[in-house]
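Colleague: I'd like to learn how to read aromatic pairs in a model. Can you walk me through it?

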Amino acid sequence: MLPLLLAVLAVAVSAACAMVAAYRGDRRGLYLFKPLTTILIIVATLWLFAPAMRRYQDVVLLGLALSLAGDVFLMLPGNRFLFGLASFLAAHLAYIWAFTLGVGYEPAQLPWLAPFAFFGLMVVVLLWRGLPDAALKGAVVAYLLVIVAMAWRAAVRAQSPALAGSGALALAGACLFLASDAVLAVDRFRRPFRAAEPIVFATYWAAQLLIALSVRG
């Protein structure tokens, strides 16, 4: 239990440092602590969180590695937003794969899609006029479809009696991911505000940590 608590504390401290750096406009601090926080989650998932399913752990690690690539693209100078979006799109596809392990696909699972689909639709409606061109509109819609599917699969996992603990953590992480990406999108395409980046970071790393914790037996 102590190594687990220390790992969570290390992630929290690194994330707090990244948020302070982002709020103060400290690019050096951001370049250090933003990737470091995700790396700490990856290390904890790999060596400290004893998995109930080895394959599930492997696929979650793939999602975390792709997320780390997205972190780097989004913090670098220049217009690398689409590269970051593509990295996170691939990460969410990995999470969809992970959350489906052990539960499969059944028609009875479809009702759990409804609340997430409604949320995704509301985000599209809110952002649509702020998206500058058809290519970006298509990319954002594709990304929202994937993240909505990811949250749906986490909700289905949470309904499985055999996987309820893992599923509850995955679902909490997925919901925080939806919140994080919604704030990021509003800040970038609708109405920028200074507190957006720390809010995005806090919800994003909480989401990643919860998903990482869902591998535990």
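Predicted model: local features only at pLDDT ≥ 70, side-chain atom pairs only at ≥ 80, totals over all residues.

Colleague: What describes a pair of aromatic rings?

Modeller: The distance of the centres and the angle of the planes. Take F177 and Y204: their ring centres are 5.6 Å apart and their planes sit at 70°, so this pair is edge-to-face, since over 60 degrees counts as such.

Colleague: Are F177 and Y204 buried or exposed?

Modeller: Both are buried. Y204 also pairs with W205: there the centres are 5.8 Å apart and the planes at 50°, so that pair is tilted. W205 is buried, as is Y204.

Colleague: Which residues form the aromatic cluster?

Modeller: F88, Y95, F99, F177, F201, Y204 and W205 form one cluster.

Colleague: And charges over rings? What lies over the face of W152?

Modeller: That's R153, at 4.6 Å from the ring centre.

Colleague: Where is W112?

Modeller: In the loop between α4 (81–100) and α5 (114–127). W112 is partly exposed, at a relative accessible area of 38%. Leaving aside residues up to four places away in sequence, W112 touches W152, A155, V156 and Q159.

Colleague: How far apart are the C-alpha atoms of W112 and L4?

Modeller: They're separated by 32 Å, and the two residues are 108 apart along the chain.

How values were computed: Residues numbered from 1 in each chain as written. Heavy atoms only, no water. Phe/Tyr/Trp six-rings, centres within 6.5 Å; stacked < 30°, edge-to-face > 60°. Buried < 20%, exposed > 50% of the residue type's maximum accessible area, 1.4 Å probe, protein only. Lys NZ or Arg CZ within 6 Å of the ring centre and 35° of its normal. Helix = DSSP H or I, 4+ residues; strand = E, 2+ residues; numbered from the N terminus. Contact = heavy atoms within 4.5 Å.
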